[in-house]
Amino acid sequence: MPGMDIVIDRPTDTAGPAWAQARARLSLYLEALELPEADAARLLELALARAREEHPAALLPAALSALQELLAQRLETPPPTMPRLRRGPMVPAPLDRSLLRFLLEDLPAWLATSSLHLLSGLRRWPRLLG
Amino acid sequence: MSGMRKAFKHQPWNQVAALRRSLFLVLILIPTFITSGYMAAILPHKGGTLLELAIVVVFAALFAWISIGFWTAMLGFYTLIRRFDRFAIARPRPADRKPLKPRARTAILIPICNEDVAEVFARIRVTYESLKATGELERFAFFILSDSANPDCWIEEEAAWARLREKTGYADIHYRRRRNNIKRKSGNVADFCRRWGRDFRYMVVFDADSIMTGPTLVRMVQIMERRRDVGILQTAPACVNRETLLARVQQFANRLYGPMFAAGLHFWQLGDAQFWGHNAIIRIRPFMEHCALPRLPGRPPLGGDILSHDFVEAALMRRAGYGVWLAFDLGGSYEEVPPTLLDELKRDRRWCQGNMQHVRLLFTHGLFPAHRALFLNGAMAYVSALLWFLFLTLSTAEALVEALATPTYFGPEKALFPDWPVWHPQWALTLLASTAVILFLPKLFAIALVAIQQRAHEFGGLRRLAASVLAEVVFSTLLAPVRMLFHSKFVFVTLLGGQIGWGSQNRSDAATTWGDAWRFHGGGSLLAVLWGAVVYVVNPSFFWWLSPILAALVLAVPVSVFSSQVRAGRAARRLGLFLTPEEIAPPPELRALRQQLAASRRSGDLFSACPGFVRAVVDPRVHRLHLAQLGAIRQLNPTLAQRRRELAERALLEGPQGLADRDKRELLGDPGALHALHLAVWQLPDGEPARRWGLPGLADSA
């Protein structure tokens with residue numbers, strides 16, 4: 001295991017039951033992967049055979065480890081969740097909330113523009129409602 | 001200001017908007033002035049005391065506030081009855097029939113935060129299928145942007161995303177989870193813009209409960225392509241899908257009165273409309289250039305991050321010269337309402353704080369006056385509750401003073417005749433009637449509109465429609481004082497500096513328990529009993545004026561519980577009450593949503609019943625998927641590596657329930673530790689420890 005190992009107590013002298021247990025657990029693992037039945041059966045036998053050959057005393061961990069290697073060769077890596085980055089700036093501009101500026105600049109400008117719009121709009125008053 | 005602003009400054013609609021808004025203002029101010037004078041005349045001292053003056057001022061503010069709603073509805077009625085408005089932005093044009101250009105790429109953003117994963121992805125699937133049917137799918141990409149902190153949600157979202165991609169075979173469905181949800185939804189959207197915004201011309205922002213149909217999405221892009229001066233195009237979503245009584249009443253009100261109000265808003269707002277934060281399309285480039293939100297100086301609740309970002313973004317977009325329009329007549333846009341009164345109030349508490357912050361932006365340089373007015377309007381949505389409460393308190397004080405104080409018939413100045421405090425109940429009744437007209441006439445106009453448009457069958461027929469409106473009036477009369485009390489409290493707490501959490505919204509039909517209802521409404525009910533008792537003892541005639549409000553507060557607990565029940569909602573439906581067009585004839589997208597949800601609940605792989613964190617550890621498919629998203633295993637410093645090892649060992653020993661959410665997130669973020677845990681769990685020999693992880697123990701399976 002890269003980085004760390006977690007040690008679990010398990011019996012080492014259970015050739016018969018250990019074999020059955022490893023088979024059951026690996027079958028479940030492959031079932032969860034939803035692989036086609038034939039593929040799953042083949043992978044199961046391969047992993048178990050490799051484990052029996054290399055680490056007969058620790059059949060389940062060895063079989064799981066062998067299965068991981070086989071799956072890494074067989075299964076595609078899941079796709080990335082996001083596309084390639086294309087960064088662009090989005091920087092907040094400070095908001096000028098000065099009352100003085102509002103009174104001296106914004107308010108007169110608004111009054112002037114509104115009056116202008118209102119006067120020119122009045123000439124086209126039939127458009128008012130539709 | 002930018003060049004764009006100059007180019008778009010003098011649009012034909014500007015002059016018409018000035019005229020329409022002037023008319024709107026006159027329609028509000030003149031009746032307010034008249035009725036306030038009338039109110040003063042009704043009072044015993046004709047508004048001559050400080051208390052009465054305060055009553056008149058508060059009354060004027062409240063009357064102006066309800067008049068805004070009234071005239072918006074009336075102008076909406078006018079617009080809809082004419083079936084024409086030259087400025088209606090969604091009015092079909094021949095140019096809109098062309099297929100979308102390849103460069104008109106649109107990102108559909110679905111920001112989520114600890115939501116029901118199955119529901120969210122079912123809605124996305126429905127939108128996807130509808131879009132696919134238009135033949136324009138390739139112009140759109142989906143981005144599910146998660147801020148979920150719940151580790152189970154995180155993994156379930158990832159798994160659901162992978163399943164969705166697998167089932168649709170569409171590569172342009174993406175998923176991203178932020179580790180730090182800075183600035184919440186607005187920060188999430190801004191993060192998207194910074195990373196991928198340059199790849200798209202537009203983005204359609206969804207809420208977790210949004211559904212939009214393909215034709216509507218395509219139509220919105222067509223409109224934006226035709227109108228280069230539009231920065232934001234907002235749709236008016238229809239409320240659908242909930243089954244509790246309260247939600248069904250809200251859905252009914254939304255579907256019956258909503259179109260009229262939306263048309264009315266369009267009438268006077270034109271290109272200065274609101275952005276409601278979702279079910280809207282946004283032109284990305286100006287959004288990135290001009291709509292980034294700064295932090296407000298000072299501490300929350302009124303300082304810090306801007307919470308209700310949408311209004312501010314609309315104001316900034318408009319300041320940059322781009323129009324913000326409401327496509328009031330564009331269908332195919334849906335959302336859901338909170339299922340219970342308590343959920344609605346929780347949401348309102350967040351919105352209240354957000355809208356109150358806007359008052360601080362009132363004098364921001366360069367904003368258009370209409371958006372300043374919208375800031376005020378947004379704050380008034382909650383401040384009006386406090387004003388109503390104040391009005392009731394002041395009126396009660398007046399009634400008590402009049403009953404207890406000895407009248408002064410002759411003041412300090414010499415006078416021939418005494419000053420009689422006179423109270424004319426019939427005048428008060430006239431004023432009450434005129435207020436009732438303002439409040440309820442739009443409802444009658446809505447019925448008339450539906451009848452004229454021959455759409456009564458969409459609401460179950462004219463008789464059922466009328467009965468539903470009557471029931472809705474009773475219901476809203478019962479709820480209005482409860483909302484008033486809560487909103488007053490929210491405003492008060494916000495002004496005093498109290499902070500509000502910003503959690504995810506409950507979107508399931510879960511009923512309110514009696515305990516919860518009592519906890520939230522009990523205080524209000526007790527206040528009403530006390531208030532009523534004092535007024536009844538001191539001034540019994542005034543008690544009857546207050547009684548409808550006090551009765552509603554006293555009944556708040558049972559009303560809150562009853563209205564939160566799905567059973568009550570369904571019973572009303574059987575009686576033909578509160579029927580909506582979507583309930584009577586669900587559009588294909590809503591039918592598909594039900595099927596999707598049923599299918600997603602049925603489909604069960606080996607570990608689908610396990611919580612997300614357990615699936616990431618145990619389920620080999622989900623585990624592989626999650627590791628792929630995390631990337632390569634990183635070299636950790638020894639202290640951190642040791643901590644992770646200990647965490648994994650604890651998880652193995654105690655099972656997933658032995659870990660806090662923070663621990664789970666830590667493990668989920670470390671591919672090395674997670675994979676080690678994965679292998680270790682699959683080797684667990686004992687029955688019980690294995691079962692904790694959703695595995696049958698080896699002893700069972702052997």
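Chain A is built from four helices and zero strands, and along its sequence the pattern reads α-α-α-α. Do keep in mind that this is a predicted model. Of the 130 residues in chain A, 22% are buried. Among contacts in chain A with a separation of 6 or more, 48% join residues 24 or more positions apart.

**Where the two chains meet**

The contact between the chains draws 56 residues from chain A and 63 residues from chain B. On the chain B side, helix H2 (residues 12–42) gives the largest share, with eight residues. Sorted by class, this side of chain B holds 36 nonpolar, eleven polar and 16 charged residues.

**Some backbone details in chain B**

| Residue | Phi |
|---|---|
| B:Arg184 | near 45° |
| B:Gln454 | about 55° |

Where do they sit? B:Arg184 lies in helix H6 (residues 184–196) of chain B, while B:Gln454 is in the loop between helix H13 (425–452) and helix H14 (462–495).

Is B:Gln454 buried or exposed? B:Gln454 is exposed, because it has 8 other C-beta atoms within 10 Å and the cut-off for exposed is 12 or fewer. B:Arg184 has 16 C-beta neighbours inside 10 Å, so it counts as partly exposed.

One more feature to find is a cis peptide bond, which runs from B:Pro300 to B:Pro301 with omega near 10°. B:Pro301 belongs to the loop between helix H9 (284–290) and helix H10 (309–319) of chain B.

Definitions and conventions: Residues numbered from 1 in each chain as written. Chains lettered and ligands numbered in written order. Predicted model: local features only at pLDDT ≥ 70, side-chain atom pairs only at ≥ 80, totals over all residues. Helix = DSSP H or I, 4+ residues; strand = E, 2+ residues; numbered from the N terminus. Buried ≥ 20, exposed ≤ 12 C-beta atoms within 10 Å, placed from the backbone. Contact = placed C-beta atoms within 7 Å. Nonpolar A, V, L, I, M, F, W, Y, C, P; charged D, E, K, R; others polar.
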